[in-house]
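My notes follow in the order I took them.

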Amino acid sequence: MNEFPSGAVCGDAAQKPVTLPERVPFSATPRETAAAFAMYGLAYLYIEMYDRIYGVYATVLPRVLLCAFTLGFVALTEYLHRDTPRMAESWVWLGCVACLTASVALERGNAWDVGMPLWFLHIFAVWWALSRSHTLLAGESGRLLPLDALDGFFLFPLKHFFLRARTAFFALSRLRGGQTREKSEDDASPVWTLVVAAAALGLLALSARLLMDADAGFAALLDGFTALLRFDWDLHSLMDVLFKLFLSLPVGAYLYGLLGGTLREDRGALRKRAADTDEMLEALRGVQEKVWIALLALFCALYAVFFAVQGRYLFGAFTRTLPDGFIVSEYARQGFFELCKVMAVNFALLWLATRSSKAAVRERPTLRALCLALLAESLLLAVVAFSKLALYIDCFGFTPRRLQSTWLVCVLAFGCGCAAWSLARGGKTFRVWMMFGAVTLSLLCLY
């Protein structure tokens, strides 16, 4: 037997109106529109630069194009986010971008493989865009580095990948529809402005080409730019331009997705994500203090035994006393990168201890003492690795590769100092370590 009258519940539910969220029509500001159309040219400039900056056809022109692209990228970011409060650290990342641009343009970066400074430039440019747009999750660089990297390189650009196309379509549809609105200082027609600017630049190129034909000296002065000013293209050149234009479309969509997308991101939602991440990390605190005391003591004992057993071998570089059967080159190279990897393991261990220990590490004297002892042993490993490197340089001379290894050891040692300071005195030092590594890397690329 049915307890409820037939259709009573369903009838009540059916009588309630279902309200769907109102769909807000897409709109774009004049600033976004101008940046969207400018990005088409900037993306083509990127493809033109990247296609010829390395290899047999490398000349001064693609390096000039790189400088022009970097200036355009910075200017477009500043234009879009000129109303966004500037973070102080954004100047650090902008300085890194400038150093790496100079490194590639001047063909420096001898300490790295060919192409590495250009990849570093990509990383720092994206990070500068995140800091300038104030879209870092925690409001600054630091502890949420992996999530910020995920946002900057994947989530923001891909989430807003079609933003440029939607913005351009919105502007063209309004232009075609003849819609008018009140004019203001920043509300000029961006489409017509870009059309006029493109026409003027085309006339400028034509004039330069004619002057080059008229005077051989002037043609020699602009010899590097002849390819850009030549209008008598054959079919192969035309197809090459069309292919590069096709490749520039996803590049421009990605870049505008990053720059324009960060402008549309809700800062409150980003901070909430950071708070939710912190809350999730706090939920991982379930390991008893005595468990971590035992584990950290085991690691410290392992390294103490290693130093005791291998002391003569490890510290031979200080006294220039090599172990039996070793030559200088073999002794200096053997174990260097292994010692650096051990330091990286120790950093991972300390992060795991501070995040999973039920008791705060700073508030437990035994835990804090063991962590500081582990950092002291890590610093000693860095000193040993550096002594091996110094002996190698002293005997066989300086090379860019050895400068690269020196930088690595110094960054690891500085990280030990930052972590020790944080444990002993409190405060956030990961951002300081991160900036130290970025700035020194950028300066190293100028070698």
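I began with a cut-off: a residue counts as buried when its relative accessible area is under 20%. I also noted that this is a predicted model.

**Entry 1: a serine.** I looked up S422 and found it in helix α19, which covers residues 400–425. Is S422 buried or exposed? Its relative accessibility is 11%, and buried means under 20%, so S422 counts as buried. I then asked which residues S422 is in contact with, leaving aside its neighbours within four places in sequence. I listed R362, G427 and T429.

**Entry 2: a helix and what follows.** I turned to helix α18, residues 365–396, and noted 32 residues. From its first C-alpha to its last, α18 reaches 46 Å, close to the 46 Å expected at 1.5 Å a residue. Just after α18 I came to G397, which takes a positive phi of about 95°.

Entry 3: I looked up the second largest pocket and wrote down a volume of about 1200 Å³. Its lining has 37 residues, and the closest to the pocket's centre are R143, W351, T354, R355 and F430. Which elements give two or more residues to this lining? I noted α6 (145–159), α12 (267–283), α17 (336–356), α19 and α20 (430–444). The largest share, 6 residues, comes from α17. Sorting the lining of the second largest pocket by class, I recorded 19 nonpolar, 8 polar and 10 charged residues.

Conventions. Residues numbered from 1 in each chain as written. Predicted model: local features only at pLDDT ≥ 70, side-chain atom pairs only at ≥ 80, totals over all residues. Heavy atoms only, no water. Helix = DSSP H or I, 4+ residues; strand = E, 2+ residues; numbered from the N terminus. Expected span 1.5 Å × (residues − 1). Buried < 20%, exposed > 50% of the residue type's maximum accessible area, 1.4 Å probe, protein only. Contact = heavy atoms within 4.5 Å. 1 Å grid on protein atoms, 1.4 Å probe; cavity = no way out; pocket = protein on both sides within 12 Å on 5 of 7 lines; lining within 4 Å. Points joined across faces, edges and corners; volume = space filled by probe spheres on them. Nonpolar A, V, L, I, M, F, W, Y, C, P; charged D, E, K, R; others polar.
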